[in-house]
Amino acid sequence: MTATIRARNLSRHYGKNRALDRVDLDIPAGRIVGLVGPNGAGKTTALKAILGLGRYDGELEVLGLDPSKSRDRLMEDVCFIADVAVLPRWARVKHIIQLCEELHPRFSRDQCMFYLNHTKIGMDSKVKSLSKGMVVQLHLALVMAIDAKLLVLDEPTLGLDIIFRKRFYSNLLNEYFDEERTIVITTHQVEEIEHILTDLIFIRDGRLILNSTMDDIHERYTEVMVKPDRVEEARGMKPLHERVLFGRHILLFDQADTARLRELGEIHKPSVADLFVALMGEDEVADSPIADNRGVAV
Amino acid sequence: MKTQFVKTLWALMRRELWESPVAFKWTPIGIGIFLIFLSILSFIIYTQFDASLASLYDGLRLLADRSAENRGLAVKAGLFSVAALFFQLMLLIILFYLSGSLYDDRKDRSILFWKSLPVSDSLTVASKLLTACLLVPAMFLLAIMATQLVLLLFASILSLMAGLNPFSLFILPAGLPRLWSVMAAGLLVQALWLLPIYAWIAFCSSWAPRLPILIAFGIPAGIALIQHSWSLATSFTLPATNIGWIILQRLGSGALPSNVNIEIGSTSNMNFDENTFMSFAHLVDVILDPAMWIGLLIAAFFITGAIWFRRRSTDN
């Protein structure tokens, strides 16, 4: 069985700026992978390479195909949503559905209508008359109606209200996902997806900082809310990160002795967001004003 | 496999129709309505001067007295002149359509949606050019046919009022089936004749960072200007031919009757016959013209270029 995505030495330069720096990546089938990184970290560049939408150096295979050469064949088994919904503004909803039905061999109109029935989107409306959230809803319905092997979601729920976001992720998990399929998802709202992920990748400056299954991560990292009198002792154990919450010191440890940590205070598993701050935090603070200005592109 | 290919192409071409209903559907319908309205208006104005319609009846009788061949020529001249306005506007619409065809979706980022469909970039480019060469002419031809039918009906009613047989006066001489098939073939040959220009504009549309229409017209115009200045500066003469002139000549020639193929000889005896407007014989001449084949070669070059850029283009 070939991996869904296999990359070796994947690189991409924009001038001197390395958007992707010799990335090795293996994603087997049946995973839900979260790709998390600050703005400008190379997430979108990586996704574009995978989708055959951008050039790259190095080796890349997606479902056994070279995306830069066979985008059209790849798209029979892959579907994606870019960071903003990019449906043509002039089109009517019924036209887009008809186009997908005629152009996509794995598109199911029934499935699409099933998802759209939960929304207020009219068949005759033009995309430009829909609200931003409705366009995203429409795009998600279209994409989830495709029986694809790989689903790539780049900030899929941007601009959606919390009810729809919850419903979307639950649909994704309960109705869409199965062992044959792979989902790669990027989002800034990591807390919303962490419970559905099987794998987590942190990326910064075009390099993978973390690439691991959620099970391994839970095994490896431990967070301790240290008793006030034991803080110095805990600091001596080389924590990855320390933060203060309501006057209590919370320290994050990598592969530490849990029995000892338990003596120092209350231990629990760190959330993805906490882990993100711990692993990427320092530089991120320095970078963020520039990174934010650059927006979500790159 | 083959049927899927045709199905995909057809779906892509219908998409173009959905995107530009004003240009492809409402413009030809509008021109038709405008021409019919103009005819009715001129008739009404005419009745203000001649309420009894006497001179009109006289004119119709005069036409009825002419030989069958002359009648046919006169009726066809009228019907072709109806088509002329359609053809001119169609060319403008096609040029503007092509300049945006591979640019608009890059600008509004919907290219990411189009590229998420399992459709190759060559098929996408092909669908745009086929829309320009087949779909748009077909839409305009339908409107022309409808307009001609309405105007013929109008003329037939007038001839009945004058006590003349509309079949022998208008309908049979018009030879509609032959007229329409020569027009359809003519539009097709004309599309091939203009394909190098169409392909050039689609090529510019595929890479232009902005304003593809200005770039598509500006580059040849700039080259022509440089050529002129150079020639003038070095030898004090204007060049015999230049690229701008070649393109303009191409746009203004070919198979369409609006570029009336009158050959004014030294004796200036204009030879008015069926060939004046459009005929199968003339179409064959256009096809066999070496300029046609050189043009197709140039078109193939630019189409390849357009596909090359399309493959690499994303939303930024």
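1. Which residue is the bridge partner of Ile5(A) in S4(A)? In this predicted model, that partner is Val62(A). The two strands concerned, S1 (residues 5-14) of chain A and S4(A), run antiparallel and are joined by 5 bridges.

2. The sheet to which these strands belong is open and has 3 strands, ordered S2-S1-S4 in chain A, with antiparallel pairing. Its edges are strand S2 (17-27) and strand S4 (57-62) of chain A, each of which pairs on one side only. On average, and with direction ignored, neighbouring strands of the sheet are turned by 20° against each other.

3. The largest nonpolar core comprises 94 residues, and Val78(A), Leu87(A), Ala141(A) and Val152(A) have the most contacts inside it. Helix H5 (residues 132-144) of chain A contributes the most to this core, namely 9 residues. Because domain 1 (5-212) and domain 2 (216-294) of chain A both give residues to the core, it lies between them.

4. Leaving aside residues up to four places away in sequence, Val152(A) touches Leu47(A), Ile50(A), Leu51(A), Val78(A), Phe80(A) and Val184(A). Another core, of 55 residues, lies apart from the one described above; Ala23(B), Ala83(B), Phe87(B) and Ile201(B) are among its members.

5. The contact between the chains takes 23 residues from chain A and 20 residues from chain B. On the side of chain A, helix H2 (71-74), strand S5 (78-81) and helix H3 (93-103) each supply at least two residues, and the largest share, 4 residues, comes from H3(A). By class, this side of chain A has 13 nonpolar, 3 polar and 7 charged residues.

Definitions and conventions. Residues are numbered from 1 along each chain as its sequence is written. Chains are lettered from A and ligands numbered from 1 in the order in which they are written. This is a predicted model: local features need pLDDT of at least 70, side-chain atom pairs count only at pLDDT 80 or more; totals for chains, interfaces and linings use all residues. Two residues are in contact if their C-beta atoms, placed from the backbone, lie within 7 Å. Ala, Val, Leu, Ile, Met, Phe, Trp, Tyr, Cys and Pro count as nonpolar, Asp, Glu, Lys and Arg as charged, and the others, Gly among them, as polar. A nonpolar core is a set of buried Ala, Val, Leu, Ile, Met, Phe, Trp, Tyr and Cys residues joined through C-beta atoms within 7 Å. A residue is buried if 20 or more other C-beta atoms lie within 10 Å of its own, exposed if 12 or fewer, and partly exposed in between; C-beta atoms are placed from the backbone. Domain bounds come from an automatic or database domain assignment. Two strands pair if DSSP finds at least two bridges between them. Axes are lines fitted to C-alpha atoms, for helices over the stretch in contact, and angles run from 0 to 180 degrees between N-to-C directions.
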